[in-house]
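Dear colleague,

Please find below the sequence and the structure that I am handing over to you. My findings follow directly after them.

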Amino acid sequence: MTGFLCRLTARSGSLRRCGAVVLREAHRPPSLLTPRSGAPLLSGGGAPLPGHSSAHSRMQHAEAAGPVEVDLKRLQGADDGIVEVLMCRHEAKNALGHVFVSQMRELVSSLPDDSSVRVVIFRSLVPSVFCAGADLKERALMDNSESDLFVHSLRSLMTQIAMLPMPTVAAMDGVALGGGLELALACDLRTAAHSAQMGLIETTRGLLPGAGGSQRLPRTVGITLAKELIFTGRRVRGQTALEMGLVNRSVEQNQTGDAAYREALCLAREILPQAPIAVRMAKEAMNRGIQVDISSAMAIERMCYARVIPTRDRQEGMAAFIEKRPPQYTGE
């Protein structure tokens, strides 16, 4: 069995340097932003939610190489262990262009070997948008071969996200269409505002879902419903998505437009106190087991369980139970 921290390829290189990155979020207490240079910056204030949170963020970048379209933020204090992947391509509604995909791949590749990361939230800083899907302006300039190669790289990115060893949550506060929904489907869990719109609309553009959607949607909502949604290119809102099992939680949108993100944060906070190795092994057992027959799946479960037995966290869990106290897991 491959190790739970060795599921992805080697890192694709050091992160591109950002001359000045400022993240300002109303309603957030100070927390650390990790810009693409790797140096932490403080994000400032406004009225805090209990333990964390915020409304919309704005980034100002002074970088000769071009703007940062995807960034990484590590939460602090009681939320230490939660990492946010921030999508911030404002002018193009987080469309999946070359730069966006490259930066996303670079950041995601830095996560698997970091044992301090317990939950990853994918969220948008663009109001009313999660991810609008393919960058059709870029795609129109590609010939058939270039288009095929780019979609292959996009499919690889979604696989990279799906193979992250820790739980991942997509917070859809707005539109998630085509590749945007495929990105959310690559995550383990999904939250959505009631007003969010989502759909695999590729057949309305003469295409089919090509970044994993044709495979992940049936595994999420069932083959019959997935066929209906893909054949028709239908868009559904958050409440309907919840009823069909496409999302885990759907909530009424709030005045700051980040209700799905706040719900994703609540979900991450429920995961955070649990034994991180056990959570990672549970994810691996389920992800691998669902792809094989039940007998083989039981063997996978046994192997994953065997990885948990010698950990200090298991000993801590047993001791905490006997001593009637909350466990303090360290991921060892």
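The segment after H11 contains Lys 324, in what is a predicted model. The phi of Lys 324 is positive, near 55°, although the residue is not glycine. Because its relative accessibility is 79%, and exposed means over 50%, Lys 324 counts as exposed.

Lys 93 belongs to the loop that runs between strand S6 (82-87) and helix H1 (98-108). With a relative accessibility of 48%, Lys 93 counts as partly exposed, since that class lies between 20% and 50%.

Helix H11 itself covers residues 312-323. Its 12 residues, at 1.5 Å each, should span 16 Å, and the C-alpha atoms at its ends are 16 Å apart, which agrees. Asp 313, Glu 316, Gly 317 and Ala 320 are the buried residues of H11. They lie on the same side of H11, because the arc they cover around the axis is only 100°. An α-helix has 3.6 residues a turn, so residues three or four places apart point the same way. The partner against which the buried residues of H11 pack is helix H9 (276-289).

H9 also takes part in the largest pocket, giving 8 residues, the largest share of its lining. The volume of this pocket is about 1,000 Å³. Its lining comprises 32 residues, and those nearest the centre are Ala 162, Cys 187, Asp 188, Asn 287 and Ile 290. At least two lining residues come from each of helix H3 (144-162), helix H4 (179-186), strand S11 (189-193), helix H5 (213-221) and H9. Sorted by class, the lining of the largest pocket has 16 nonpolar, 7 polar and 9 charged residues.

The second largest pocket has a volume of about 680 Å³. It is lined by 31 residues, with Ala 134, Leu 136, Arg 139, Glu 202 and Leu 207 closest to its centre. Two or more residues of this lining are given by each of helix H2 (136-140), H3, strand S10 (175-177) and H4. The largest share of the lining of the second largest pocket, 7 residues, is that of H3. By class, this lining has 16 nonpolar, 7 polar and 8 charged residues.

With kind regards

Conventions: Residues are numbered from 1 along each chain as its sequence is written. This is a predicted model: local features need pLDDT of at least 70, side-chain atom pairs count only at pLDDT 80 or more; totals for chains, interfaces and linings use all residues. Side-chain values use heavy atoms; hydrogens and water are left out. Helices (H or I, at least four residues) and strands (E, at least two) are DSSP runs, numbered from the N terminus. The expected span of a helix is 1.5 Å times one less than its number of residues. Buried means under 20% relative accessible area, exposed over 50%, partly exposed in between (1.4 Å probe, protein chains only). The arc is that of the directions from the helix axis to the C-beta atoms. Contact means heavy atoms within 4.5 Å. On a 1 Å grid over the protein atoms alone, a cavity is a set of points where a 1.4 Å probe fits but cannot get out, and a pocket is an open set with protein on both sides within 12 Å along at least five of seven lines; lining residues have an atom within 4 Å of a point. Grid points are joined across faces, edges and corners, and a volume is the space filled by probe spheres set on the points. Ala, Val, Leu, Ile, Met, Phe, Trp, Tyr, Cys and Pro count as nonpolar, Asp, Glu, Lys and Arg as charged, and the others, Gly among them, as polar.
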